[in-house]
Amino acid sequence: MADGGNAPAFLDVSRSLSGRAWRQRPAEAGTIRAHMQALNLDEPMARALAARGVAADQGENFLRPTLRALFPDPSSFMDMDTAATAIIDALQAGSSIHVFADYDVDGASSAALLVRWFRTLDAELPIYVPDRLTEGYGPSARAFDTLKARGADLVITVDCGAAANEAVAHAAAIGLKVVVIDHHMMREQPPACLAVVNPNRPGCNSGQGNLAAAGVVFVLLAALNREARARGLFEGKSEPDIRQWLDLAAMGAICDVTGLTGFNRALTSLGLKVMSDWKNPGLKALLAAAGAEPGPAKSNHAGFILGPRINAGGRIGKSDLGARLLSTDDPDEARMLAQELDALNIARREVEAQVTEQAVRRVEATGAHNDESAMVVIAGEDWHPGVVGIVAGRLRERWRKPVVVIGVDAINGLGKGSGRSQPGMNLGRAVQAAWNEGVLIAGGGHAMAAGLTVAADRIDELRAFLNDRLSGERAEAVAQDWVEVDALIDPSAATRDLFEAFEQLAPYGPANPEPLFALQGVQAREPAAMNGGHVRCRLVGADGASVRAIAWRCADLPTGKALLAGQGGLNLVGRLKADDWNGRRGVQFEIEDVADPRMA
């Protein structure tokens with residue numbers, strides 16, 4: 001374990017039961033004092049703000065972000081003005097414009113944003129979403145042929161297309177114009193089309209590389225408003241107020257696990273406020289289908305209730321269900337689509353559980369999770385490609401290293417894989433390198449996630465390539481894998497008031513982690529194993545005060561075994577969550593890690 005900048009181990013935990021060290025999240029003393037004075041904060045809150053890299057003069061923008069203060073100039077994005085001009089040109093010429101979207105939440109949200117903007121100008125924008133199983137990720141020659149046959153003149157790709165050089169070249173050959181709106185890592189040479197708008201495009205100086213595609217599309221809507229206004233398209237009608245669709249931008253940002261800082265934080269924070277009104281018929285219907293009550297929207301609404309159900313369509317159902325749900329204004333259609341997505345999500349969970357169990361057994365049999373390899377690459381015949389990304393995420397959490405899970409089609413000999421990474425290890429770049437070297441048939445992604453297609457007989461070669469490519473980043477990633485604590489509290493201090501005070505930092509995500517609190521010397525009482533491998537208990541301090549607690553998917557791991565044994569004298573780190581069951585207005589401690597001082 002690296003020393004993390006010589007930071008002392010918090011509570012002397014140099015190795016927890018999950019193998020990690022703890023430290024207090026580092027913060028600069030002067031910045032803490034500045035936040036206390038400028039924002040009238042107590043020390044723990046000011047420390048948490050400083051520890052998240054919020055400069056002394058940026059506290060107000062972080063806690064109360066506004067579009068006015070943080071919205072970027074659309075023209076700062078390479079090709080944004082060109083894209084807006086091309087789209088408005090096509091609109092005025094009466095051309096047939098179609099949107100081509102990825103099949104996940106970010107793609108669906110991006111497509112719905114464009115559909116809703118066009119609808120205000122009495123233009124209906126058809127949506128094309130490729131089938132995950134038969135077409136794979138992103139644009140293809142086959143898809144462009146289909147769109148051309150449907151009469152398309154211009155295709156706007158969203159959340160995909162930045163690396164589809166060959167497919168876009170085919171579109172040009174058949175006379176189909178293309179505008180690409182994306183956020184994924186891409187090659188130096190962009191696709192040859194009308195415009196490629198991507199804050200992660202080499203040479204783009206927007207400084208907005210943490211945006212999801214929905215965020216980039218939201219900026220595009222501002223550019224379209226500006227261009228349409230200049231041409232007089234809004235004469236006699238109201239200009240579209242794009243703020244009404246901030247909920248869709250927030251869905252993309254949260255579900256694509258983007259860094260919630262700067263403008264992206266403003267989009268997400270304000271988007272959750274818009275979402276709280278539940279005016280989008282699709283989101284409202286999906287919330288009802290999930291059995292959840294409408295009310296103030298939080299990140300978990302998008303990330304854990306709505307998002308998985310929208311994704312279920314692309315994973316194991318019809319790929320366009322999510323985009324249709326988010327773009328419809330018909331409550332009856334929304335209700336029908338929501339019920340279908342909820343049913344697909346139930347089926348998806350069953351398939352995911354089966355694949356996860358098989359993958360865990362296979363990895364443990366090989367020992368790949370224990371050795372010094374930089375990452376795990378595991379494959380299985382007929383593992384559903386729609387769930388391999390979720391399974392990869394589960395295994396990454398379990399073994400604290402990047403994981404790629406591949407489902408192999410025994411008939412055609414092709415493997416469709418998805419990977420999730422650790423902070424400090426750029427999996428998307430490694431997968432792109434594997435594609436460049438000819439190891440992959442297709443592949444791409446970003447630092448924390450990637451997708452790929454590989455011939456079954458080259459999976460061993462891919463495993464070796466990725467391990468070699470990422471081995472140099474492993475040491476730094478391990479050094480970053482500290483459990484970083486915001487504050488030490490007693491069980492008696494784990495209150496709703498403390499939870500709500502720290503909620504000023506929400507919404508959470510990469511670059512703005514959810515606050516972690518430590519409990520020292522507590523006992524796990526009344527422990528119980530639950531379905532799914534979860535463990536529930538009460539954490540009781542030396543004074544007898546207690547807090548309800550839960551630890552996810554750990555019953556067979558050292559952390560879960562310590563809790564189930566009812567051990568005393570444990571140190572724990574976790575998050576405070578609202579607990580409103582039966583009108584309780586309390587909190588629950590969601591356990592992240594456990595340390596036993598006797599094993600130090």
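## A helix pair, a packed helix and a buried arginine

Helices H7 and H8 are roughly parallel to each other, a label for angles under 35 degrees. This is a predicted model, where local features need pLDDT of at least 70, side-chain atom pairs count only at pLDDT 80 or more, and totals for chains, interfaces and linings use all residues. Residues are numbered from 1 along each chain as its sequence is written, and side-chain values use heavy atoms, leaving out hydrogens and water.

H7 (residues 141-149) and H8 (residues 165-173) pack at about 30°, their axes 8 Å apart. Ala-141, Phe-144 and Asp-145 of H7 meet Ala-167, Val-168, His-170 and Ala-171 of H8; contact means heavy atoms within 4.5 Å.

Now to H12 (residues 281-289), whose buried residues are Pro-281, Gly-282, Leu-283, Ala-285, Leu-286 and Leu-287. Buried means under 20% relative accessible area, with a 1.4 Å probe and protein chains only. Among the helices they pack against are H6 (105-120) and H15 (331-366). Asn-280 caps the N-terminal end of H12, and Gly-291, with a positive phi near 80°, follows H12.

Arg-496 is buried, at 12% relative accessible area. Its side chain reaches these two partners:

| Side chain | Partner | Distance |
|---|---|---|
| Arg-496 | side chain of Asp-580 | 2.7 Å |

Key
Buried means under 20% relative accessible area, exposed over 50%, partly exposed in between (1.4 Å probe, protein chains only). Helices (H or I, at least four residues) and strands (E, at least two) are DSSP runs, numbered from the N terminus. A polar contact is a pair of N or O atoms within 3.5 Å; within protein, one must be able to donate a hydrogen and the other to accept it, and residues adjacent in sequence count only if both atoms are side-chain atoms. Axes are lines fitted to C-alpha atoms, for helices over the stretch in contact, and angles run from 0 to 180 degrees between N-to-C directions. Angles under 35 degrees count as roughly parallel, over 145 as roughly antiparallel, 65 to 115 as roughly perpendicular and the rest as oblique.
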